[in-house]
Amino acid sequence: MYNLLRGKRGIIFGALDENSIAWKTAERVREEGGIFVLTNSPAAMRLGSISELSILTGAQIIAADATSVEDLENLVDRSVEILGGKIDFVLHSIGMSVNVRKGNHYTNENYEYTEKGWNVSALSFHKLLQVLYKKEAMNEWGSIVALSYMASQRVFPDYNDMADNKAYLESVARSFGYFFGKDKKVRVNTISQSPTPTKAGQGVKGFDEFIEFAEKMSPLGNASALDCANYTVAMFSDLTKKVTLQNLYNDGGFSNVGVSQEVLENFKK
Ligand SMILES: NC(=O)c1ccc[n+]([C@@H]2O[C@H](COP(=O)([O-])OP(=O)(O)OC[C@H]3O[C@@H](n4cnc5c(N)ncnc54)[C@H](O)[C@@H]3O)[C@@H](O)[C@H]2O)c1
(Lines give C-alpha, C1' and ligand atoms only; values in the text may rest on other atoms or scores of the structure.)
Protein backbone atom coordinates (compact mmCIF):
# COMPACT_ATOMS: atom_id res chain seq x y z
CA MET A 1 0.00 0.00 0.00
CA TYR A 2 1.37 3.38 -1.05
CA ASN A 3 -1.49 5.78 -0.20
CA LEU A 4 -1.63 6.61 -3.91
CA LEU A 5 -5.25 7.74 -3.70
CA ARG A 6 -5.30 9.47 -0.33
CA GLY A 7 -7.78 12.35 -0.37
CA LYS A 8 -9.34 11.28 -3.68
CA ARG A 9 -13.05 10.69 -4.24
CA GLY A 10 -14.65 8.53 -6.87
CA ILE A 11 -17.47 6.47 -8.33
CA ILE A 12 -17.08 2.76 -9.15
CA PHE A 13 -19.55 1.11 -11.54
CA GLY A 14 -20.02 -2.61 -12.09
CA ALA A 15 -19.19 -4.60 -8.93
CA LEU A 16 -21.58 -7.54 -9.14
CA ASP A 17 -19.81 -10.23 -7.12
CA GLU A 18 -16.34 -10.91 -5.74
CA ASN A 19 -15.05 -11.98 -9.17
CA SER A 20 -15.93 -8.64 -10.79
CA ILE A 21 -13.02 -6.51 -11.90
CA ALA A 22 -14.80 -3.55 -10.26
CA TRP A 23 -14.96 -5.44 -6.94
CA LYS A 24 -11.19 -5.96 -6.89
CA THR A 25 -10.69 -2.36 -7.93
CA ALA A 26 -12.90 -1.07 -5.11
CA GLU A 27 -10.87 -3.09 -2.60
CA ARG A 28 -7.55 -1.83 -3.98
CA VAL A 29 -8.74 1.78 -4.20
CA ARG A 30 -9.83 1.65 -0.56
CA GLU A 31 -6.45 0.20 0.46
CA GLU A 32 -4.75 3.08 -1.34
CA GLY A 33 -6.78 5.61 0.66
CA GLY A 34 -9.48 6.56 -1.87
CA ILE A 35 -13.13 6.96 -0.92
CA PHE A 36 -15.98 6.28 -3.32
CA VAL A 37 -19.61 5.50 -4.03
CA LEU A 38 -20.48 2.09 -5.47
CA THR A 39 -23.13 1.81 -8.14
CA ASN A 40 -24.81 -0.86 -10.22
CA SER A 41 -28.13 -1.46 -11.96
CA PRO A 42 -31.22 -2.17 -9.84
CA ALA A 43 -31.23 -5.75 -11.24
CA ALA A 44 -27.63 -6.31 -10.11
CA MET A 45 -28.57 -5.12 -6.61
CA ARG A 46 -30.99 -8.02 -6.38
CA LEU A 47 -28.80 -10.68 -8.04
CA GLY A 48 -25.30 -9.81 -6.85
CA SER A 49 -23.57 -9.26 -3.54
CA ILE A 50 -22.61 -5.58 -3.73
CA SER A 51 -23.88 -4.95 -0.18
CA GLU A 52 -21.01 -7.12 1.12
CA LEU A 53 -18.53 -4.93 -0.73
CA SER A 54 -20.19 -1.86 0.71
CA ILE A 55 -19.54 -3.21 4.23
CA LEU A 56 -15.96 -4.21 3.36
CA THR A 57 -15.06 -0.80 1.94
CA GLY A 58 -17.36 1.52 3.91
CA ALA A 59 -18.78 2.82 0.62
CA GLN A 60 -22.40 3.80 0.10
CA ILE A 61 -24.34 2.25 -2.78
CA ILE A 62 -26.51 4.24 -5.18
CA ALA A 63 -28.48 2.25 -7.74
CA ALA A 64 -28.30 3.55 -11.31
CA ASP A 65 -29.13 2.06 -14.67
CA ALA A 66 -26.17 3.32 -16.71
CA THR A 67 -28.42 3.74 -19.77
CA SER A 68 -30.61 6.29 -17.94
CA VAL A 69 -29.31 9.88 -18.00
CA GLU A 70 -31.70 10.69 -15.16
CA ASP A 71 -30.21 7.92 -13.00
CA LEU A 72 -26.69 9.08 -13.85
CA GLU A 73 -27.52 12.68 -12.94
CA ASN A 74 -28.91 11.58 -9.60
CA LEU A 75 -25.88 9.36 -9.01
CA VAL A 76 -23.39 12.14 -9.71
CA ASP A 77 -25.26 14.75 -7.61
CA ARG A 78 -25.59 12.40 -4.66
CA SER A 79 -22.00 11.16 -4.91
CA VAL A 80 -20.64 14.72 -4.72
CA GLU A 81 -22.87 15.31 -1.69
CA ILE A 82 -21.96 12.05 0.09
CA LEU A 83 -18.23 12.30 -0.61
CA GLY A 84 -18.10 15.98 0.34
CA GLY A 85 -16.67 17.35 -2.91
CA LYS A 86 -16.06 16.92 -6.61
CA ILE A 87 -14.95 13.61 -8.12
CA ASP A 88 -11.33 12.60 -8.85
CA PHE A 89 -11.80 9.13 -10.39
CA VAL A 90 -14.49 7.09 -12.12
CA LEU A 91 -14.45 3.44 -13.23
CA HIS A 92 -16.91 2.35 -15.94
CA SER A 93 -16.84 -1.47 -15.66
CA ILE A 94 -20.04 -2.38 -17.48
CA GLY A 95 -20.74 -4.84 -20.26
CA MET A 96 -23.66 -6.91 -21.48
CA SER A 97 -24.80 -8.31 -24.84
CA VAL A 98 -28.32 -9.65 -25.20
CA ASN A 99 -27.34 -11.42 -28.45
CA VAL A 100 -24.57 -13.25 -26.56
CA ARG A 101 -26.95 -14.12 -23.75
CA LYS A 102 -29.56 -15.49 -26.15
CA GLY A 103 -26.97 -17.39 -28.21
CA ASN A 104 -27.60 -15.40 -31.42
CA HIS A 105 -24.74 -15.74 -33.89
CA TYR A 106 -23.06 -12.53 -35.14
CA THR A 107 -24.50 -13.21 -38.62
CA ASN A 108 -28.00 -13.46 -37.19
CA GLU A 109 -28.32 -10.53 -34.80
CA ASN A 110 -31.62 -9.40 -33.36
CA TYR A 111 -31.17 -5.63 -33.73
CA GLU A 112 -33.32 -4.77 -30.74
CA TYR A 113 -30.91 -6.84 -28.68
CA THR A 114 -27.96 -5.24 -30.47
CA GLU A 115 -29.19 -1.76 -29.56
CA LYS A 116 -29.81 -2.73 -25.94
CA GLY A 117 -26.32 -4.20 -25.57
CA TRP A 118 -24.73 -1.17 -27.27
CA ASN A 119 -26.64 1.18 -25.01
CA VAL A 120 -25.52 -0.66 -21.86
CA SER A 121 -21.93 -1.44 -22.90
CA ALA A 122 -20.91 1.55 -25.00
CA LEU A 123 -23.32 4.50 -25.19
CA SER A 124 -23.60 4.47 -21.39
CA PHE A 125 -19.98 5.67 -21.32
CA HIS A 126 -20.82 8.72 -23.42
CA LYS A 127 -23.86 9.38 -21.23
CA LEU A 128 -21.75 9.16 -18.09
CA LEU A 129 -19.04 11.44 -19.49
CA GLN A 130 -21.62 13.97 -20.66
CA VAL A 131 -23.31 14.08 -17.26
CA LEU A 132 -19.96 14.53 -15.47
CA TYR A 133 -18.90 17.19 -17.99
CA LYS A 134 -22.10 19.25 -17.91
CA LYS A 135 -22.32 19.14 -14.15
CA GLU A 136 -18.65 20.15 -13.81
CA ALA A 137 -18.46 17.27 -11.35
CA MET A 138 -14.79 16.32 -11.95
CA ASN A 139 -11.81 17.90 -10.22
CA GLU A 140 -8.90 19.05 -12.39
CA TRP A 141 -6.42 16.20 -13.03
CA GLY A 142 -9.16 13.67 -12.39
CA SER A 143 -9.10 10.33 -14.20
CA ILE A 144 -11.86 8.34 -15.90
CA VAL A 145 -11.30 4.72 -16.98
CA ALA A 146 -13.52 2.28 -18.89
CA LEU A 147 -12.72 -1.39 -19.45
CA SER A 148 -12.34 -2.79 -22.93
CA TYR A 149 -11.22 -5.92 -24.72
CA MET A 150 -8.91 -6.72 -27.64
CA ALA A 151 -11.83 -7.84 -29.86
CA SER A 152 -12.40 -4.12 -30.55
CA GLN A 153 -9.23 -4.18 -32.68
CA ARG A 154 -8.92 -7.77 -33.94
CA VAL A 155 -11.40 -10.51 -34.81
CA PHE A 156 -12.46 -12.91 -32.06
CA PRO A 157 -15.48 -14.59 -33.69
CA ASP A 158 -17.34 -15.60 -30.52
CA TYR A 159 -17.09 -12.16 -28.92
CA ASN A 160 -20.04 -11.32 -31.16
CA ASP A 161 -21.53 -7.79 -31.06
CA MET A 162 -19.49 -6.97 -27.95
CA ALA A 163 -16.55 -6.41 -30.36
CA ASP A 164 -18.46 -3.55 -31.98
CA ASN A 165 -19.51 -2.19 -28.59
CA LYS A 166 -15.91 -2.12 -27.40
CA ALA A 167 -14.75 -0.37 -30.60
CA TYR A 168 -17.38 2.32 -29.94
CA LEU A 169 -16.39 2.54 -26.27
CA GLU A 170 -12.72 3.10 -27.15
CA SER A 171 -13.67 5.74 -29.70
CA VAL A 172 -15.82 7.61 -27.16
CA ALA A 173 -12.88 7.63 -24.73
CA ARG A 174 -10.75 9.37 -27.37
CA SER A 175 -13.40 11.77 -28.67
CA PHE A 176 -14.81 12.85 -25.30
CA GLY A 177 -11.35 12.65 -23.75
CA TYR A 178 -10.24 15.42 -26.09
CA PHE A 179 -12.84 17.84 -24.72
CA PHE A 180 -12.42 16.67 -21.14
CA GLY A 181 -8.68 17.27 -21.45
CA LYS A 182 -8.90 20.69 -23.09
CA ASP A 183 -11.76 22.08 -21.05
CA LYS A 184 -11.40 20.42 -17.65
CA LYS A 185 -7.89 18.90 -17.45
CA VAL A 186 -9.40 15.48 -16.89
CA ARG A 187 -8.00 12.35 -18.52
CA VAL A 188 -10.07 9.61 -20.15
CA ASN A 189 -8.68 6.18 -21.07
CA THR A 190 -9.72 2.60 -21.70
CA ILE A 191 -7.88 -0.40 -20.30
CA SER A 192 -7.95 -3.42 -22.58
CA GLN A 193 -7.90 -6.37 -20.21
CA SER A 194 -7.04 -10.07 -20.65
CA PRO A 195 -9.93 -12.55 -20.58
CA THR A 196 -10.92 -12.82 -16.93
CA PRO A 197 -13.23 -15.37 -15.25
CA THR A 198 -16.16 -13.14 -14.23
CA LYS A 199 -19.90 -13.31 -14.87
CA ALA A 200 -19.61 -11.19 -18.04
CA GLY A 201 -16.44 -12.98 -19.24
CA GLN A 202 -17.82 -16.47 -18.78
CA GLY A 203 -20.92 -15.54 -20.78
CA VAL A 204 -18.82 -15.57 -23.96
CA LYS A 205 -19.03 -18.85 -25.91
CA GLY A 206 -15.90 -21.01 -25.63
CA PHE A 207 -14.52 -18.89 -22.76
CA ASP A 208 -12.65 -21.74 -21.04
CA GLU A 209 -10.69 -22.69 -24.17
CA PHE A 210 -10.14 -19.09 -24.98
CA ILE A 211 -8.69 -18.04 -21.63
CA GLU A 212 -6.25 -20.95 -21.87
CA PHE A 213 -5.23 -19.92 -25.40
CA ALA A 214 -4.62 -16.33 -24.24
CA GLU A 215 -2.57 -17.61 -21.31
CA LYS A 216 -0.34 -19.55 -23.72
CA MET A 217 -0.01 -16.60 -26.12
CA SER A 218 0.97 -14.03 -23.49
CA PRO A 219 4.64 -13.91 -22.43
CA LEU A 220 3.60 -12.81 -18.93
CA GLY A 221 0.41 -14.89 -18.82
CA ASN A 222 -3.08 -13.42 -18.55
CA ALA A 223 -3.65 -10.39 -16.35
CA SER A 224 -6.01 -11.21 -13.47
CA ALA A 225 -8.83 -9.04 -12.12
CA LEU A 226 -6.44 -7.96 -9.36
CA ASP A 227 -3.80 -6.99 -11.94
CA CYS A 228 -6.44 -4.88 -13.65
CA ALA A 229 -7.40 -3.29 -10.33
CA ASN A 230 -3.75 -2.38 -9.69
CA TYR A 231 -3.37 -0.84 -13.14
CA THR A 232 -6.58 1.12 -12.64
CA VAL A 233 -5.28 2.43 -9.31
CA ALA A 234 -2.15 3.65 -11.12
CA MET A 235 -4.36 5.34 -13.73
CA PHE A 236 -6.36 7.07 -10.97
CA SER A 237 -3.21 8.24 -9.19
CA ASP A 238 -1.21 11.41 -9.83
CA LEU A 239 1.57 9.26 -11.31
CA THR A 240 -0.19 9.12 -14.70
CA LYS A 241 -1.35 12.74 -15.05
CA LYS A 242 -0.46 13.16 -18.72
CA VAL A 243 -1.82 9.84 -19.98
CA THR A 244 -5.05 10.39 -21.87
CA LEU A 245 -7.02 9.33 -25.01
CA GLN A 246 -5.30 5.93 -24.82
CA ASN A 247 -6.41 2.36 -25.09
CA LEU A 248 -3.96 0.72 -22.66
CA TYR A 249 -3.26 -3.00 -22.84
CA ASN A 250 -3.17 -4.92 -19.57
CA ASP A 251 -2.81 -8.32 -21.18
CA GLY A 252 0.57 -9.87 -20.37
CA GLY A 253 1.78 -8.90 -23.84
CA PHE A 254 -0.93 -10.79 -25.78
CA SER A 255 -1.74 -7.91 -28.15
CA ASN A 256 1.76 -7.79 -29.64
CA VAL A 257 2.34 -11.51 -30.07
CA GLY A 258 1.76 -13.16 -33.47
CA VAL A 259 2.21 -16.68 -32.23
CA SER A 260 3.90 -18.25 -29.21
CA GLN A 261 6.00 -21.39 -28.99
CA GLU A 262 3.45 -22.96 -26.63
CA VAL A 263 0.64 -22.49 -29.16
CA LEU A 264 2.79 -23.84 -32.02
CA GLU A 265 3.42 -27.00 -29.96
CA ASN A 266 -0.18 -28.00 -30.74
CA PHE A 267 0.63 -28.22 -34.47
CA LYS A 268 3.83 -30.25 -34.21
CA LYS A 269 3.93 -33.09 -36.75
N1 LIG B 1 -14.14 -10.70 -18.02
C2 LIG B 1 -13.42 -10.50 -19.11
O3 LIG B 1 -12.91 -11.45 -19.75
C4 LIG B 1 -13.19 -9.09 -19.58
C5 LIG B 1 -12.10 -8.82 -20.45
C6 LIG B 1 -11.92 -7.50 -20.90
C7 LIG B 1 -12.81 -6.52 -20.52
N8 LIG B 1 -13.86 -6.81 -19.69
C9 LIG B 1 -14.79 -5.74 -19.32
O10 LIG B 1 -14.70 -5.48 -17.94
C11 LIG B 1 -15.93 -4.86 -17.53
C12 LIG B 1 -16.41 -5.52 -16.24
O13 LIG B 1 -16.83 -6.83 -16.49
P14 LIG B 1 -16.47 -8.05 -15.54
O15 LIG B 1 -15.67 -9.00 -16.37
O16 LIG B 1 -15.94 -7.59 -14.24
O17 LIG B 1 -17.89 -8.78 -15.36
P18 LIG B 1 -19.12 -8.53 -14.34
O19 LIG B 1 -20.23 -9.34 -14.89
O20 LIG B 1 -18.68 -8.79 -12.96
O21 LIG B 1 -19.43 -6.96 -14.52
C22 LIG B 1 -20.29 -6.43 -15.50
C23 LIG B 1 -21.14 -5.41 -14.78
O24 LIG B 1 -21.97 -4.66 -15.68
C25 LIG B 1 -23.12 -4.31 -14.90
N26 LIG B 1 -24.24 -3.83 -15.72
C27 LIG B 1 -24.93 -4.52 -16.68
N28 LIG B 1 -25.95 -3.75 -17.14
C29 LIG B 1 -25.88 -2.56 -16.48
C30 LIG B 1 -26.66 -1.37 -16.51
N31 LIG B 1 -27.72 -1.24 -17.34
N32 LIG B 1 -26.32 -0.35 -15.68
C33 LIG B 1 -25.27 -0.46 -14.83
N34 LIG B 1 -24.50 -1.56 -14.75
C35 LIG B 1 -24.80 -2.60 -15.56
C36 LIG B 1 -23.44 -5.64 -14.25
O37 LIG B 1 -24.40 -5.53 -13.22
C38 LIG B 1 -22.08 -6.06 -13.75
O39 LIG B 1 -21.81 -5.55 -12.47
C40 LIG B 1 -16.88 -4.96 -18.72
O41 LIG B 1 -16.83 -3.75 -19.45
C42 LIG B 1 -16.26 -6.08 -19.52
O43 LIG B 1 -16.64 -6.05 -20.88
C44 LIG B 1 -14.05 -8.07 -19.20
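Visitor: Which residue follows α6 with a positive phi?
Guide: That's E136, with phi near 50°. Helices here are DSSP runs of H or I, at least four residues, and strands are runs of E, at least two, numbered from the N terminus. This is a predicted model, where local features need pLDDT of at least 70, side-chain atom pairs count only at pLDDT 80 or more, and totals for chains, interfaces and linings use all residues. Residues are numbered from 1 along each chain as its sequence is written, and side-chain values use heavy atoms, with hydrogens and water left out.
Visitor: Where does α6 bend?
Guide: At L123, by about 50°, within residues 111-134. The bend is the angle between axes fitted to the seven residues ending there and the seven starting there.
Visitor: And what happens at the start of α6?
Guide: A side-chain oxygen of N110 comes within 2.9 Å of the backbone nitrogen of E112.
Visitor: How far are polar side-chain atoms of S20 and T198 from ligand oxygens?
Guide: For S20 the distance is 2.6 Å, and for T198 2.5 Å. The protein covers 93% of the 820 Å² of accessible area the ligand has on its own (Shrake-Rupley, 1.4 Å probe).

Methods
Polar contact = N/O pair within 3.5 Å; in protein donor to acceptor, adjacent residues only side chain to side chain.
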